[in-house]
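Subject: Structure handover

Dear colleague,

I am passing on the structure below, together with some notes on what turned up when I went through it. Please keep it open beside this message as you read.

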Amino acid sequence: MSFGEPEGYDADARPRPLGRRGASQAAAAAVCLVLGLGLISGAVTGSWLAGDSGEEGSRNTFTAAGSLWHSVPVDELFPPTVQGQGAGPGGADRTWTRIAVAPDSGCKDAFDPLLRRALAPAGCERLLRATYTDATESYVTTVGLLFTKADAAGMTSLANRFRKERLDRRSDLMPLPYAAKDTPAAEFGARQRAAWTVSVLTEAPVVVYAVSGWADGRTVDDPQPAGDALQSGATTAPAQAGLGNEAQGLADRVERGLRKNVRSATEQPS
């Protein structure tokens, strides 16, 4: 952006008495003013048409996101098959197949006591969960979408607390898996949890989480946050098996799908 010469000087920076502006200069200034106003109003109109007109657009998006649990089919929130290009160890591709969907419910008995207490300030509107297995049926992963009752300020407060107190890294705050009978996840219980991730969104009243383990029902004495298991040189059993990739990769892709549905819900009609 460039600015015009200050009043009182000509194009060669020679002093000029203030107040002596030519008619052509006055006309040019008027044209610039009109064009500037036009650009500003055009930008505002364009943002409104795009559905993201500042604070009002953010409120609309937040509200739309909170209603997705009953307005979007389960196959869109938890697709039967999820492709994870580059999501595995070393950038390997992953494919996850859904093997169970829990009935949508409240949060009673859905979390361990400490995690339930940490999430309580946001409230619980609805909880959706699904469990997936990898292509070899060696691993199982439960991914959840907790739709809260909180407003934007409440979600921001919760996200800040999780970040500052590192609550998403505490093994006593791991989410519970959803074990479904007659599936590879039948023995996927609390003691089988190996890696997990919890993400508190601030642009939507949603907490996204995932927890992974082995499909053979083996217990895990030293579970690890997915972020730690993904670090280069990590030598724990969950890290070596790629269970951090399972939890983080699946959670990321379910979250992307949620965001896509939010955008679709807030599109302005043409």
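The notes below go from confidence to the sheet, then to the disulfide, the aromatic pair and a few single residues.

This is a predicted model, in which local features need pLDDT of at least 70 and side-chain atom pairs count only at pLDDT 80 or more, while totals for chains, interfaces and linings use all residues. Residues are numbered from 1 along each chain as its sequence is written, and side-chain values use heavy atoms, with hydrogens and water left out.

The mean pLDDT (the predictor's confidence in each residue, from 0 to 100) is 83 for the protein chain, and 78% of its residues reach 70 or more. Over residues 1–53 the pLDDT is below 50, and this stretch has 22 contacts (heavy atoms within 4.5 Å) in the model beyond near neighbours in sequence.

Helices (H or I, at least four residues) and strands (E, at least two) are DSSP runs, numbered from the N terminus. Seven strands make up an open sheet with mixed pairing, in the order β1-β2-β3-β4-β6-β5-β7, where two strands pair if DSSP finds at least two bridges between them. At the edges stand β1 (81–84) and β7 (224–225), each with a single partner strand, so one side of each has no neighbour in the sheet. Strands β5 and β6 (residues 206–214) run antiparallel and are joined by six bridges; Ser199 has Val208 in β6 as its bridge partner.

Helix α6 lies across β5 and β6, at about 140 degrees to β5, whereas α9 lies across β1, β2, β3, β4 (139–147), β5 and β6, at about 35 degrees to β4. Glu255 is placed in helix α9 (residues 243–265), and touches Ser199, Leu201 and Val208, not counting residues up to four places away in sequence. With a relative accessibility of 13%, Glu255 counts as buried; here buried means under 20% relative accessible area, exposed over 50%, and partly exposed in between (1.4 Å probe, protein chains only).

A search of the whole structure finds one disulfide, meaning a pair of cysteine sulfur atoms within 2.5 Å. This is formed by Cys107 and Cys124, with their sulfur atoms 2.0 Å apart. Cys107 lies in the loop between β2 (94–101) and α5 (113–119), and Cys124 in the loop between α5 and β3 (126–134), so the pair ties together parts that are 17 residues apart in sequence. The torsion about the S-S bond of Cys107 and Cys124 is about 80 degrees, so the disulfide is right-handed. Cys107 is buried at 13% relative accessibility, while Cys124 is partly exposed at 23%.

The structure also holds one aromatic pair, where rings of Phe, Tyr and Trp (its six-membered ring) pair if their centres lie within 6.5 Å, and planes under 30 degrees apart count as stacked, over 60 as edge-to-face and the rest as tilted. Phe111 and Tyr209 are edge-to-face, at 5.7 Å centre to centre with 70 degrees between the planes. Phe111 is buried, with a relative accessible area of 5%, and Tyr209 is buried at 2%.

Finally, Asp109, in the loop between β2 and α5, has a positive phi near 65 degrees and is exposed at 63% relative accessibility.

Conventions: Axes are lines fitted to C-alpha atoms, for helices over the stretch in contact, and angles run from 0 to 180 degrees between N-to-C directions.
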